[in-house]
Amino acid sequence: MRILRLTPWYYHDQVDAWPAEYDSIGGMQIQTTRLSRMLAEDGVQQVVVTVGFPGLPPVREDREGLTVRIARMPIPEIRSESTGLVGLTPAWFVATLGACFGLRRWKPDLVHVHADGALWALLLAPVAARLVRAPYVLTLHCSRLAGYVPRSAMARLQQRFGAIAEKRAIRRAARVVTLTESTARVAAKALGVSEQHFAVVPDIVDTGPAPPRVSRAGAGDFGAWASAAGHRPIIGFVGRLASEKGWQYLVPLALRLRDLHPLFLIVGDGSQRERLEEQIRAEGLADEFLITGFVPNNRVPEALAVMTTLVMPSAYEELGGVALEALAVGTPMAAFAVGGLRTTVGRLCPDMLVPAGDLDALATKVRRIIAEPDRYAALARSAGPAVAQTYGAPAALRQITAVYEAVLPRLAENPR
């Protein structure tokens, strides 16, 4: 089977630096890469066309059967707090159309388009499929119709056009993949189509050996940093520094908890990092925050393992993969009950959720976790087996293979 995978964001883990203006690391990059590699190891031939950033090779063999191509038109480097570089995804859209012309000779069996709610991937899906003469599967990593919450006047204006494009892309897809049952249900109702048009394939969580939580010193460089902190509680945040991830709650949270003398470990980067740093300096909290910037994904479990608690003050989360990674490591969390977190953490550890946007409730929950760390860590560890069973790689491989076989029935007649 040959899959042409079109995604604006992909995880280029051969680098040790990642320019934040080219969309800093997030869940979609990690998930698309894990899926691609998992399928390559199962013998599926794939070409990934993604935006990339300067310094990456235009074409590389990620591994046998998996080729990654960079597609991006030259654009002026005009930075935006909300989008990184102005015009980056439109530049990918145009360049990808050109790449599809060249890939017609490769004759893909299927096109798989990954969309994060932005307009351009949704517009691309039916056009690219027509160019290469193959059906397409659409994965909604963030749905305009279900989980997405506009954060600005411009975002609210774009929401109308994005929702129209999403409806069009869903209707024309051979199959639509969502991360949760609730998104599939909401989207099906919005379009008046059967839920059988959708397949639920959650994010893949790395459930391999995790750093031990019994010793902060046992978790690499993060452990050394945490050991130097002594007995001070460590409150962690993992993700892009973008408004939808709720970084703006971190400094107010630190001020409410100052009597506990916590340290804040911020793992990630983003176009709004400077605003967070300005808030930290303005409140005299520079000695209480460590912002790591870009961290390779395989080191995120090390960071999670030293945290007393993770905080997730997100405005919306399609699934909330970081929460599942924290549970896999045995790290408790305090999170707003939004989007997919209501499904994932809500089923596994509902006591770790607080009402969306309620900063006082978030601070109270963090206090309780700090006061009873063993109890909450035990709750997190108890969820580990369910995380591995539901969100581990074997389950995802079975589910996505079933989607492909439903679109291409001959594969079911001649399984690998």
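Buried here means under 20% relative accessible area, exposed means over 50%, and partly exposed lies in between (1.4 Å probe, protein chains only). β11 is thus named as mostly covered, with five of its five residues buried. The model is predicted: local features need pLDDT of at least 70, side-chain atom pairs count only at pLDDT 80 or more, and totals for chains, interfaces and linings use all residues. Residues are numbered from 1 along each chain as its sequence is written, and side-chain values use heavy atoms, with hydrogens and water left out. Helices (H or I, at least four residues) and strands (E, at least two) are DSSP runs, numbered from the N terminus.

β11 belongs to an open sheet of six strands. The strand order is β13-β12-β11-β14-β15-β16, and the pairing is parallel. Two strands pair if DSSP finds at least two bridges between them. β13 (289-291) and β16 (353-354) stand at the edges with a single partner strand each, so one side of each has no neighbour in the sheet. On one flank, β11 is joined to β12 by five bridges, and the two run parallel. Ile234 has Leu263 as its bridge partner in β12. Two bridges join β11 (residues 234-238) to β14 (residues 309-312), again in parallel. Here Ile235 is partnered by Thr309 of β14.

β14 in turn pairs with β15 over three bridges, in the parallel sense. Leu310 has Met333 as its bridge partner in β15. Both faces of β15 are covered. Met333 and Ala335 lie on one side, Ala334 and Phe336 on the other, and all four are buried.

Contact means heavy atoms within 4.5 Å. Axes are lines fitted to C-alpha atoms, for helices over the stretch in contact, and angles run from 0 to 180 degrees between N-to-C directions. Helix α8 (residues 273-282) lies across β12 (263-267) and β13, at about 165 degrees to β13. Helix α12 (residues 359-371) lies across β11, β14, β15 (333-336) and β16, at about 165 degrees to β15.

Helix α10 (residues 321-329) is mostly covered, with eight of its nine residues buried. The buried residues are Gly321, Val322, Ala323, Leu324, Glu325, Ala326, Leu327 and Val329. Gly330 follows α10 and has a positive phi, near 90 degrees.

A nonpolar core is a set of buried Ala, Val, Leu, Ile, Met, Phe, Trp, Tyr and Cys residues joined through side-chain atoms within 4.5 Å. The largest has 63 residues. Ile266, Leu276, Phe289, Met307, Leu310 and Met333 have the most contacts inside it. A second, separate core has 52 residues, including Met28, Leu122, Ala165 and Ala188. Leaving aside neighbours within four places in sequence, Leu310 contacts Gly236, Phe237, Val238, Leu304, Val322, Ala323, Ala326, Thr331, Pro332, Met333 and Ala334.

Cavities were searched on a 1 Å grid over the protein atoms alone; a cavity is a set of points where a 1.4 Å probe fits but cannot get out, and lining residues have an atom within 4 Å of a point. Grid points are joined across faces, edges and corners, and a volume is the space filled by probe spheres set on the points. The whole structure holds two cavities of 30 Å³ or more. The largest share, three residues, comes from α1.

Most residues other than glycine have a negative phi. Lys107 has a positive phi, near 55 degrees. Lys107 sits in the loop between α2 (88-103) and β7, and is exposed at 63% relative accessible area. Arg133 also has a positive phi, of about 60 degrees. Arg133 lies in the loop between α3 (119-132) and β8 (136-140) and is exposed at 64% relative accessibility. His231, in the loop between α6 (220-228) and β11, counts as exposed because its relative accessibility is 87%. His231 and Ala406 are 175 residues apart in sequence and 54 Å apart in space, C-alpha to C-alpha.

Terms used: On a 1 Å grid over the protein atoms alone, a cavity is a set of points where a 1.4 Å probe fits but cannot get out, and a pocket is an open set with protein on both sides within 12 Å along at least five of seven lines; lining residues have an atom within 4 Å of a point.
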